[in-house]
Amino acid sequence: MPPVPADPGPPPGTPDPGRAAARGRRAAPGRPAAGGPADPAEGQARESGRLSGPLFRDEQSQPAPPGVTETVVLRAISDDATPAPGHGAMPHPGAPVHPAPPANHLAAGQPRFVPSSHPGQETPVAAQPAPQPQPRKQRGGRNLQAAIGVGVGLGAVIVASLFVVKALFLVVVMAAVAVGVWELTSRLAERKQIKAPLVPLVVGGVAMVATGYWAGIQWAAASLALTGLAVMVWRMAEPPEDYLRDITAGVFTAFYVPFLATFVAMMLAAGDGPQRIVLFLIVTICSDTGAYAVGYKFGKTKLAPTISPGKTREGLAGGIALSMLAGALLMELIIDGGSWWQGLILGGCAAVTATLGDLGESMIKRDLGIKDMGTLLPGHGGIMDRLDSLLPTAPVVWLLLAAFVGS
């Protein structure tokens, strides 16, 4: 900005009242001599007069609206500041203008000043904190630490219940069935206003698991039929509108959650039941893990983009391979009478059904417009989000084990 020439003052010969008053003050006894320390009030008045007024010569001063009080923060005048020529007067025309030092050259703790909306005045600006780095999001929006911690905890509960008291694992299955039925019916009611009767579904689901463990598949199928009839009767207490829709959802829920879980209880009922459960869980987990790892690293071709965009054909191949390897090892090592080739077949079939179960659950959630079935398990979602691949795999593994080594 070009320098602004100082005010030339009144024409020659015109008396200047201000200069006469200043000479009178200097001549008055008790006043400090010229060059001595200035009066603080006089310095403030001089500084205010120097900073007020328009910034440019062709700029008119804007008077403040009536009734409005303006508060202006001025730069503090320190004792060690070098006074400008003329003790605060405007620089002579043609004098060089020294730019203000950059912000990074300011002393520590000294405030920065920016031009104010009032001409000729500066307003201090508080130092802005350095931007904090944003936390990295986990893949899929999951909390990885919470997911690992919950997975380890569930694994410890399963192992302890399997190998301490076998019937205790049956209680774990019943609890998972009850919570899964509650999650599914709750989401149906929230998102689609489908009122599947909860009480007969929970009671019938527990009965299916118990009869499958103690009496076999025939009694479990009979419990499923009775649960369907109970759903129809229970729903009659409500108005007839949407009756068919509600009982259809109830029968589907009874088949999808408790009846498929009954095959886990029937695997547990065998003499080597804990070993069969371990085989069933590991081949299913290896299917999910292999599909995730291979798909993340090498996945290019989408498997079902309209249902689950994250799944790829390369990931499916990796899940099948890892599940077949785990099945071959476990059939040879922990199942009496099992062989490695039987484990290959079992692992391959388990990987396919686990993937289909995951896709089926994704279809349900997309239809409902939700991401997870619940929030009970941090980092995983709900119980149904963990049972989606286990439920359809249970009858396949039970059937193959019964065919290979007997029930």
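**Entry 1: overall view**

I began with burial: of the 407 residues in the protein, 32% are buried, where buried means under 20% relative accessible area, exposed over 50%, and partly exposed in between (1.4 Å probe, protein chains only). The model is predicted, so I noted that local features need pLDDT of at least 70 and side-chain atom pairs count only at pLDDT 80 or more, while totals for chains, interfaces and linings use all residues. Residues are numbered from 1 along each chain as its sequence is written, and side-chain values use heavy atoms, with hydrogens and water left out.

I then looked up the confidence. The pLDDT, which is the predictor's confidence in each residue from 0 to 100, has a mean of 78 for the protein, and 63% of the residues reach 70 or more. For residues 20-38 the pLDDT is below 50, and this stretch has four contacts in the model beyond near neighbours in sequence; contact means heavy atoms within 4.5 Å. Residues 135-140 also have a pLDDT below 50, with six contacts beyond near neighbours in sequence.

I recorded 12 helices and four strands in the protein. These are DSSP runs numbered from the N terminus, with helices (H or I) of at least four residues and strands (E) of at least two. Among contacts between residues at least 6 apart in sequence, 69% join residues at least 24 apart.

**Entry 2: surface**

I found an accessible surface of about 24800 Å² for the protein, 65% of which belongs to carbon and sulfur atoms. Accessible areas come from the Shrake-Rupley method with a 1.4 Å probe, and for residues only the protein chains shown count as cover.

I next listed a nonpolar surface patch of about 510 Å², made by Leu226, Leu229, Met232, Val233 and Met236. Patches are made of residues with over 30% relative accessible area and no salt bridge; like charges are joined within 9 Å and nonpolar side chains (Val, Leu, Ile, Met, Phe, Trp, Tyr) within 5 Å. Met232 is found in helix H6 (residues 217-235) and counts as partly exposed because its relative accessibility is 33%.

**Entry 3: salt bridges**

I searched the whole structure and noted eight salt bridges, each a side-chain nitrogen of Lys or Arg within 4 Å of a carboxyl oxygen of Asp or Glu.

One of them joins Asp367 to Lys192, with the closest N and O atoms 3.4 Å apart. Asp367 lies in helix H10 and Lys192 in helix H4 (residues 166-192), so the pair ties together parts 175 residues apart in sequence. Asp367 is exposed at 51% relative accessible area, and Lys192 is partly exposed at 33%.

I then examined Arg235 and Asp246, whose closest N and O atoms are 2.7 Å apart in a salt bridge. Arg235 belongs to helix H6 and Asp246 to helix H7 (residues 243-268), so this pair ties together parts 11 residues apart in sequence. Arg235 is buried at 6% relative accessible area, and Asp246 is buried at 1%. Asp246 also forms a salt bridge with Arg245, at 3.5 Å between the closest N and O atoms. Salt bridges that share partners join Arg235, Asp242, Arg245 and Asp246 into one network.

**Entry 4: a buried charge without a partner**

Lastly I looked up Glu361, in helix H10 (residues 340-368). Glu361 is buried yet has no salt bridge, and the nearest side chain of opposite charge, Lys365, is 5.1 Å away; Lys and Arg count as positive and Asp and Glu as negative, while His and the chain ends are not counted. Leaving aside neighbours within four places in sequence, I listed its contacts as Tyr256, Met373, Met384, Asp385 and Asp388.
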